[in-house]
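Visitor: Could you take me in for a close look at the spot where the ligand sits? I'd like to hear what touches what.

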Amino acid sequence: MNEERLRQFAALVAKWSPRINLVSKGDLPHIWERHVRDSLELVAHIPAGVTRAIDLGSGAGFPGMVLAVATGIEFTLIESDTRKAAFLMEAARILGAPVRVLNTRIEAAKTVPAPLVTARALAPLDKLLGLAAPHLAENGVCLFPKGRGAEVELTAARAVWHMEAERFASSLDAEACILKVSQIRHVGTSKAAAP
Ligand SMILES: C[S@@+](CC[C@H](N)C(=O)[O-])C[C@H]1O[C@@H](n2cnc3c(N)ncnc32)[C@H](O)[C@@H]1O
């Protein structure tokens with residue numbers, strides 16, 4: 001992990017945030033604890049050998065930019081907000097991060113499906129799987145940090161999607177967890193597909 005570059009990234013988020021609302025005002029003094037460390041929790045769950053990934057709805061770069069800097073995995077960050085996408089491009093340039101930014105909606109993004117897809121605070125799981133499925137390679141894995149509603153989201157998603165799902169406790173927050181989801185198939189179809 002490259003802590004110096006991650007600290008540099010947190011400082012960039014703090015600098016740009018008052019102008020373009022990257023994180024809430026209350027989170028400004030806690031970017032490292034609430035956003036960088038939270039993103040780093042995913043590192044332990046990334047399958048060995050992954051070299052390419054896609055982060056959906058990246059916002060200020062959590063978790064995608066943090067994971068790219070920490071692991072060297074090449075990340076495509078998809079973010080529809082033009083000002084946030086501009087921030088992500090500039091941060092990647094300054095940090096020399098292995099990141100490309102697509103300033104578009106996830107539903108319209110043209111990607112080569114990746115073996116790893118991440119997303120934090122984007123949508124409930126049933127909707128999230130529909131957004132992720134077109135960008136996930138065969139036998140790929142999704143990592144989604146979730147809050148206390150994870151079990152309810154899983155139950156709702158299982159009505160629409162067949163999947164393999166594991167749930168890992170967060171070491172930072174007793175109510176949070178990480179969902180590791182793979183083999184996503186829309187109920188009623190035999191292959192991976194958006195509903
Ligand atoms: C609540 S923020 C979360 C940002 C970041 N992942 C985080 O955890 O801090 C959701 C982000 O997803 C972006 N977003 C929402 N729907 C999107 C879509 N359909 N395509 C691309 N970006 C989207 C929004 O612009 C916003 O920046």
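Guide: Let's start with G57: one of its polar backbone atoms is 2.9 Å from a nitrogen atom of the ligand, and that makes a polar contact, meaning a pair of N or O atoms within 3.5 Å. Taken alone, the ligand exposes 600 Å², and the protein buries 77% of that (accessible areas come from the Shrake-Rupley method with a 1.4 Å probe). Before we go on, keep in mind that this is a predicted model, where local features need pLDDT of at least 70, side-chain atom pairs count only at pLDDT 80 or more, and totals for chains, interfaces and linings use all residues. Residues are numbered from 1 along each chain as its sequence is written, and side-chain values use heavy atoms, with hydrogens and water left out.

Back to the contacts. F62 also uses its backbone: an N or O atom there lies 2.7 Å from a nitrogen atom of the ligand. With E107 it's the side chain, which has a polar atom 3.0 Å from a nitrogen atom of the ligand.

Now step back to the whole shell. The ligand is surrounded by 15 residues, and the closest are G57, F62, E79, I106 and R120; a residue is near a molecule if one of its heavy atoms lies within 4 Å of it. Sorted by class, that shell has 4 nonpolar, 5 polar and 6 charged residues. Here Ala, Val, Leu, Ile, Met, Phe, Trp, Tyr, Cys and Pro count as nonpolar, Asp, Glu, Lys and Arg as charged, and the others, Gly among them, as polar.

Technical notes
A polar contact is a pair of N or O atoms within 3.5 Å; within protein, one must be able to donate a hydrogen and the other to accept it, and residues adjacent in sequence count only if both atoms are side-chain atoms.
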